[in-house]
Amino acid sequence: MPLLFPEEDASDVRRRYKPDVIKGDMDSIRKEVLDFYRSLGTEIIDKSHDQDTTDLHKCITYIRDFAPDVNKSSQLCILVAGALGGRYDHEMGNLNVLYCFSSLRIVLLSDDSLIYLLPRTHHHEIHIQTSVEGPHCGLIPIGVPSRSSTTTGLRWNLNNTEMRFGGLISSSNIVVGEKVTVQSDTDLLWTISIKKL
C-alpha cells in the first residue's frame, strides 16, 4: 500500500489501510510484518496445518463463511490485488480459486491486467471503462473446451466458435467499444489490459 501513496509516510499508510484479518499458512509473511499488524489489532488466523488449499482459497472461504449475505448479494466484488505476476504456480492456484468459487465475483488484478471468470450459466455484458482498461483482451477456456462461444464488441468476434488448448483461444483480441457481450457453453476466463496512468 505505501507504494500507492509515495508522498506519505509508509507507516501512516499501513496503519490507515490495516487488514481486519490475516489468514493463511504464514509461510510467506515476515515475522515483523505479522507482529506489526497484530499490534494494531488485526486478527491472525494461522492455517499452517492446511496445505491443501492456497492462501487465497483460505481467505475467500473466510469471506464466504463469515459474511452471511455474500452469496445473496450479486453486488459483492472481491478484488484481489497482486494475484498475478509472481510465480506461475501461484498464478494458476489463484485462477483455480475463480473456479472453486464460481458463484462469487472475484477479480484478480495485476499492474498490467485483470482476470475474472465468466460462468457458462449467464449471458455476460461487460462494460469497458476505456479510460483505465483495454484495448487488449482475451477469452480463455480452461479445463474443458468450449464447443460454442459467441461475442460482440471485439475486433475479432467469435461466432459459435470452438475454443480449446491445442487449438484456437481468443488471446490478443481488441475491444472496439464500451460494451462486450459473451455467451459460451463453458466457463471462460476474461482478461483485459489495464492502462498505465
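Biologist: Let's start with Thr42: is Thr42 buried or exposed?
Modeller: Thr42 is buried, because its relative accessible area is 4%, and buried means under 20% relative accessible area (exposed is over 50%, partly exposed in between, with a 1.4 Å probe and protein chains only). Before we go on, this is a predicted model, where local features need pLDDT of at least 70, side-chain atom pairs count only at pLDDT 80 or more, and totals for chains, interfaces and linings use all residues. Residues are numbered from 1 along each chain as its sequence is written, and side-chain values use heavy atoms, with hydrogens and water left out.

Biologist: Good to know. Where is the place of Thr42?
Modeller: Thr42 is in the loop between helix H2 (31–39) and strand S2 (43–46). Helices (H or I, at least four residues) and strands (E, at least two) are DSSP runs, numbered from the N terminus.

Biologist: And what does the side chain of Thr42 reach?
Modeller: The Thr42 side chain reaches the backbone oxygen of Pro19 at 2.7 Å. Not counting residues up to four places away in sequence, Thr42 touches Lys18, Pro19, Asp20, Val21, Ile22 and Tyr37, where contact means heavy atoms within 4.5 Å.

Biologist: Nice. Switching to helix H3, which residues are buried there?
Modeller: In H3 the buried ones are Leu56, His57, Lys58, Ile60 and Thr61. The buried residues of H3 pack against strand S1 (21–24), S3, H4 and S4.

Biologist: How many residues has H3?
Modeller: H3 (residues 55–66) has 12 residues, and from its first C-alpha to its last it reaches 16 Å, close to the 16 Å expected at 1.5 Å a residue. The expected span is 1.5 Å times one less than the number of residues in the helix.

Biologist: Now the sheets. What is the order of the open sheet with 6 strands?
Modeller: The order is S3-S4-S5-S12-S7-S10, with mixed pairing. Strand S3 (77–81) and strand S10 (170–174) are the edge strands, each pairing on one side only. From one strand to the next, the twist averages 20°. Two strands pair if DSSP finds at least two bridges between them.

Biologist: What about strand S5, how many of its residues are buried?
Modeller: In S5 (residues 113–118), 6 of its 6 residues are buried. S4 and S5 are antiparallel over 3 bridges, and a hairpin joins S4 to S5 through 3 residues. S5 also pairs with strand S12 (residues 188–194), antiparallel over 6 bridges.

Biologist: Which residue in S5 is the bridge partner of Val107?
Modeller: That is Tyr116, and Tyr116 has Trp190 as its bridge partner in S12.

Biologist: And what is the order in the open sheet of 4 strands?
Modeller: There the order is S6-S11-S8-S9, with antiparallel pairing. Strand S6 (124–127) and strand S9 (161–163) stand at the edges with a single partner strand each, so one side of each is left without a neighbour in the sheet. S6 and strand S11 (residues 179–184) pair over 4 bridges in the antiparallel sense, with His124 opposite Val182 in S11.

Biologist: Last one: which residues does the UniProt domain annotation cover?
Modeller: The unreviewed UniProt entry annotates residues 122–188 as "domain: Thiamin pyrophosphokinase thiamin-binding". UniProt positions are in the numbering used here, feature names are shortened, and annotations may be inferred rather than shown by experiment. In the model, residues 122–188 are 0% helix and 51% strand, and the end C-alpha atoms of the span lie 11 Å apart.

Definitions and conventions: Axes are lines fitted to C-alpha atoms, for helices over the stretch in contact, and angles run from 0 to 180 degrees between N-to-C directions. A polar contact is a pair of N or O atoms within 3.5 Å; within protein, one must be able to donate a hydrogen and the other to accept it, and residues adjacent in sequence count only if both atoms are side-chain atoms.
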